[in-house]
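Trainee: I have a model open and some questions ready. Can we go through it piece by piece?

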Amino acid sequence: MSIIKTTIGLITIISLAACNSKPTPPTVKKDSIIVAAAPKPGDPIKLDSSKRYIYLTWDDSPQPPGTTVSKGVFHQQGVKATFFVVGSNQVGPFKTRVVDSLRNAYPEFLMANHSYSHAKINGKDNYSLFYKRADSAVVDFLKNEKELNVGVKIIRLPGNNSWAGKGKIQGPKSTLEVCKRLDSLGYKIIGWDIEWNQNKTVPKESVDEMVKKVNDKFESGYTFEQNCLVILSHDRLFAKPQYADSLSKFISILKKDPRNVFETLDHYPLVMRK
Ligand SMILES: [Zn+2]
């Protein structure tokens, strides 16, 4: 009997204690503000198959005033672009600031890797020897990534329209070994579908010729990735006001087509493919 009494008494005490305890109110942070995390280079996005994606990719940065002028035009037009930087071009504090400004401008601009030396050997572009020495070529790209703090594993080979990613390689045989090694290290090598060529130090094609090139290429279907067009040019070609104006007109005309979307190369299908 005494055992039963004790047990009942204990149960009563517990239930009373439960009734008396106040429920813990949920924590509410009155002044908390939800801030979306800033996008980081390389964060994937979903592409819309009804659009035509245009990737403006400018090589050999920093080459002011061309780099700063091109940036200004892109900014004014509200379009994204990718700059392929070369470490050996970054000489002195002004050019360092230009590179810093590209790195810090994401998601508007993306900075990617175009090698440290631009395949220069003894002061001159020497593509055949650079690619023949595959070990030192890979070291050159890694040095550029480290020294310029390039945040993405996207490379353009100097002087060659080569492509590589996930074991698939396309391009001149001379670059094959370097492509294989960079691919095995997880890099994506991006070439180009069309180029705004240079005639000495200025753009070779007129604005109308370039717009036609863009539309013809999309319509032909012969782009490396479907509905995506990589355009190569160089910062230095647009330094003079007359050519900055050409660049601006080229973009304005393309923007009138509602299918066209300007993106950075971290949002290119080959780059986003895991
Ligand atoms: Zn180059």
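Mentor: Start with His118. The model is predicted. His118 has a relative accessible area of 10%, so the residue counts as buried.

Trainee: Where is His118 found, and what is its phi?

Mentor: Look in the loop between E3 and E4; His118 is found there. Most residues other than glycine have a negative phi. His118 is not a glycine, yet its phi is positive, at about 55 degrees.

Trainee: Which residues coordinate the zinc ion?

Mentor: The coordinating atoms sit at 2.1 to 2.2 Å. In sequence, the donor residues are spaced D-x53-H-x3-H. The donors are Asp60 (OD), His114 (NE2) and His118 (NE2).

Trainee: How many residues apart in sequence are the parts tied together by Asp60 and His118?

Mentor: The zinc ion is coordinated by Asp60 and His118, among others. Asp60 lies in strand E1, and His118 lies in the loop between strand E3 (109-113) and strand E4 (120-121), so the pair ties together parts that are 58 residues apart in sequence.

Trainee: Are Asp60 and His118 buried or exposed?

Mentor: The cut-off for buried is under 20% relative accessible area. His118 has 10%. Both Asp60 and His118 are buried.

Trainee: Now Ser61. Which side chain makes a polar contact of 2.6 Å with the side chain of Ser61?

Mentor: Ser61 is found in strand E1, residues 52-61. Its relative accessibility is 0%, so Ser61 counts as buried. Leaving aside neighbours within four places in sequence, its contacts include Thr67, Phe83, Asn89 and Leu102. The polar contact at 2.6 Å is with the side chain of Asp235.

Trainee: What is omega for the peptide bond from Ser61 to Pro62?

Mentor: Pro62 is found in the loop between E1 and H2. Most peptide bonds are trans. The bond from Ser61 to Pro62 is cis, with omega near 0 degrees.

Trainee: Which residues does the cis peptide bond with omega about 10 degrees join?

Mentor: Look in the loop between helix H3 (92-103) and E3, the place of Pro107. The cis bond there has omega of about 10 degrees and joins Tyr106 and Pro107.

Trainee: On to helices. Are H2 and H8 roughly parallel or oblique to each other?

Mentor: Two packed helices are described by the angle between their axes and the distance between the axes. For H2 (residues 66-77) and H8 (residues 241-255), the angle is about 30 degrees and the axes are 10 Å apart. Val69 and Phe74 are among the H2 residues at this meeting, and Leu247 and Ile251 are among those in H8. Angles under 35 degrees count as roughly parallel, so H2 and H8 are roughly parallel.

Note on methods. Residues numbered from 1 in each chain as written. Predicted model: local features only at pLDDT ≥ 70, side-chain atom pairs only at ≥ 80, totals over all residues. Heavy atoms only, no water. Helix = DSSP H or I, 4+ residues; strand = E, 2+ residues; numbered from the N terminus. Buried < 20%, exposed > 50% of the residue type's maximum accessible area, 1.4 Å probe, protein only. Polar contact = N/O pair within 3.5 Å; in protein donor to acceptor, adjacent residues only side chain to side chain. Contact = heavy atoms within 4.5 Å. Donors = N, O, S within 2.8 Å, 3.2 Å for Na, K, Ca; no water. Axes fitted to C-alpha atoms, helices over the stretch in contact; angles between N-to-C directions. Parallel < 35°, antiparallel > 145°, perpendicular 65-115°, else oblique.
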